[in-house]
There are 2 protein chains.
Amino acid sequence: MCDFHEMKSAARFSSHARLDESLLSELPAFSKLENQVIGEILEQAISRRYDAGACVFEEGDRADHFYLLLDGYIRVVRITPDGEQVIALHIPSGQLFGIAKALGRDTYPATAITAKESLALSWPMRLWDDFAARYDGFATETYKTVGQRMGEMNNRIVEMATQQVEQRIACALLRLINQSGRKVSDGIEINFPITRQDLSEMTGTTLHTVSRMLSAWEKVGVVKSGRKKITVCDPHQLVVLSTAKP
Amino acid sequence: MCDFHEMKSAARFSSHARLDESLLSELPAFSKLENQVIGEILEQAISRRYDAGACVFEEGDRADHFYLLLDGYIRVVRITPDGEQVIALHIPSGQLFGIAKALGRDTYPATAITAKESLALSWPMRLWDDFAARYDGFATETYKTVGQRMGEMNNRIVEMATQQVEQRIACALLRLINQSGRKVSDGIEINFPITRQDLSEMTGTTLHTVSRMLSAWEKVGVVKSGRKKITVCDPHQLVVLSTAKP
DNA sequence: CGTTTTCATTGCGCCATGACAAAGAACGCG
DNA sequence: CGCGTTCTTTGTCATGGCGCAATGAAAACG
């Protein structure tokens with residue numbers, strides 16, 4: 001297990017002393033619920049802050065909690081027998097994760113690591129069935145999320161099977177800016193620190209190749225990149241690159 | 001839409017004139033139900049036979065039915081903009097498929113094609129919620145299946161990201177014989193016709209490379225292969241190949 | 001039974017990428 | 001502020017496996 005830290009203060013994330021119903025009421029999983037009911041759910045939640053790079057749970061751990069990411073970014077990672085990492089998925093704030101029970105598993109199928117400082121709620125997994133039964137729309141909305149993630153994974157399989165490295169990296173970048181892009185003066189910036197290594201683990205290549213690719217793109221003005229930071233200046237051109245044939 | 005044919009006779013699949021409760025009662029999705037309830041479910045089902053290579057539904061079609069594969073084998077396929085096929089998944093008999101509704105979708109996310117002559121039941125999708133609500137264990141068991149498929153997809157992503165072609169093909173073969181292997185005199189044979197092309201679409205490579213690989217393996221006695229047919233003689237050795245480092 | 005179609009095998013050349021190596025740049029820490 | 005660490009860039013080289021092309025073999029067809 002990794003170490004994490006009790007939340008000292010939620011000040012960075014909420015101006016209220018205690019967690020507020022409005023936090024949840026906009027999220028799909030809870031959108032159909034009354035404020036009062038949400039309050040009830042919140043009372044059972046554990047809230048925690050995680051440092052950047054902290055591990056929330058590891059692949060194979062007994063799945064005894066499920067989580068809701070309030071703020072930050074989660075990286076779902078798998079590690080091969082010979083120590084290579086593969087990033088399977090990124091989870092943006094507002095989504096549930098670690099929902100092994102929903103998939104009929106009793107251990108987590110992958111490791112969850114924060115990509116930056118994050119805040120998450122969690123509930124004991126035994127409440128899952130409760131939630132699903134009692135709260136209207138919870139199950140449905142959850143499975144919608146599962147469906148989306150399956151779709152994403154599916155796309156990645158197709159990508160990896162048919163596309164060249166350049167296109168794969170372009171796709172990965174596009175996904176990232178869609179999911180967590182932040183508009184800045186000279187384009188759209190990825191909202192959390194990301195290294196070439198990370199990008200290579202998302203696309204099944206090496207950090208060297210990613211570095212070369214970014215350099216090349218920077219030369220033609222499609223992106224600007226710095227240490228742990230990437231800004232996409234010309235998203236449209238990136239779309240072209242992501243679908244270009246050899 | 002592809003063409004399919006009304007089932008003329010279920011004789012090949014069942015000795016009873018009409019569908020029998022025992023057909024379903026062993027399947028996970030229905031395992032917890034009384035025979036009488038199963039009868040009720042069966043009465044609402046449509047039963048159909050499909051020729052080998054027939055298309056059950058296509059990616060993007062309105063998802064108006066969900067299916068249960070009674071006999072045969074289904075290949076879940078996606079097609080890229082430039083016409084390349086990628087085989088995302090194989091579904092063995094006894095499993096549900098086309099369960100878009102369970103994933104919050106209203107169109108099918110991929111195309112389903114029979115790998116050999118097959119028999120499937122189907123129900124109108126509007127019964128889904130009914131089934132989930134009324135039949136104990138149906139939803140749970142279904143999501144277990146979804147979870148398994150996600151796990152498989154996840155593994156494939158890791159494979160494609162980290163392994164070489166030889167290892168990927170070995171993995172694919174192992175999956176196939178696990179899922180639908182048939183013991184024969186000189187090893188384990190894949191239970192439905194499969195071409196090098198198919199195998200290449202499962203592993204993201206070309207039929208040429210697959211052919212070469214099989215030839216090489218045949219030379220050392222790991223497999224025997226013929227037209228549309230592959231027999232694994234030495235599964236253990238194949239496991240070694242599937243994990244060997246360069 | 002001959003013809004056509006589908007599927008499989010194999011050789012050859014090339015190129016995208018991985019492997020290795022070394023140096024530079026930004027950051028964090030005492 | 002200097003030092004170690006982490007991250008990035010760039011060069012050179014080797015090669016896996018893809019593209020292309022031609023042949024062969026088995027099934028399907030009529």
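Predicted model: local features only at pLDDT ≥ 70, side-chain atom pairs only at ≥ 80, totals over all residues.
Local features were taken only at pLDDT of at least 70 and side-chain atom pairs only at pLDDT 80 or more, whereas totals for chains, interfaces and linings use all residues. Residues are numbered from 1 along each chain as its sequence is written, chains are lettered from A and ligands numbered from 1 in the order in which they are written, and side-chain values rest on heavy atoms, with hydrogens and water left out.

The domain assignment of chain A gives domain 1 (4–159) and domain 2 (163–243), these bounds coming from an automatic or database domain assignment. The C-alpha centres of the two domains of chain A lie 26 Å apart, and their contact takes 13 residues from domain 1 and 15 residues from domain 2, contact meaning heavy atoms within 4.5 Å. Together, domain 1 and domain 2 of chain A bury about 1,300 Å², 47% of it on carbon and sulfur atoms; buried area is the accessible area (1.4 Å probe) that two parts lose on being put together, summed over both. On the domain 1 side, Y73(A), I87(A) and E159(A) lose the most area to domain 2, together 42% of what that side buries.

Two salt bridges are found across this domain interface, a salt bridge being a side-chain nitrogen of Lys or Arg within 4 Å of a carboxyl oxygen of Asp or Glu. In chain A, D198(A) forms a salt bridge with R75(A), with the closest N and O atoms 3.4 Å apart. Seven residue pairs (both at pLDDT 80 or more) are in polar contact between the two domains of chain A; a polar contact is a pair of N or O atoms within 3.5 Å, where, within protein, one must be able to donate a hydrogen and the other to accept it, and residues adjacent in sequence count only if both atoms are side-chain atoms. The elements of chain A that give two or more residues to the domain 1 side are β4 (65–79), β5, β7 (111–124) and α4, and β5(A) gives the most, with five residues. Helices (H or I, at least four residues) and strands (E, at least two) are DSSP runs, numbered from the N terminus.

Between the chains, 27 residues of chain A are in contact with 26 residues of chain B. Chain A and chain B bury about 2,700 Å² between them, 74% of it on carbon and sulfur atoms, and in chain A the residues that lose the most area to chain B are M150(A), M153(A) and I157(A), together 23% of what that side buries. The count of salt bridges between chain A and chain B is zero, while two residue pairs (both at pLDDT 80 or more) are in polar contact. The elements that give two or more residues to the side of chain A that touches chain B are β5 (85–92) and α4 (138–162) of chain A, the largest share, 16 residues, coming from α4(A).

Of the 17 residues around DNA strand C, V165(A), T205(A), T209(A), R196(B) and S211(B) come nearest, a residue being near a strand if one of its heavy atoms lies within 4 Å of it.
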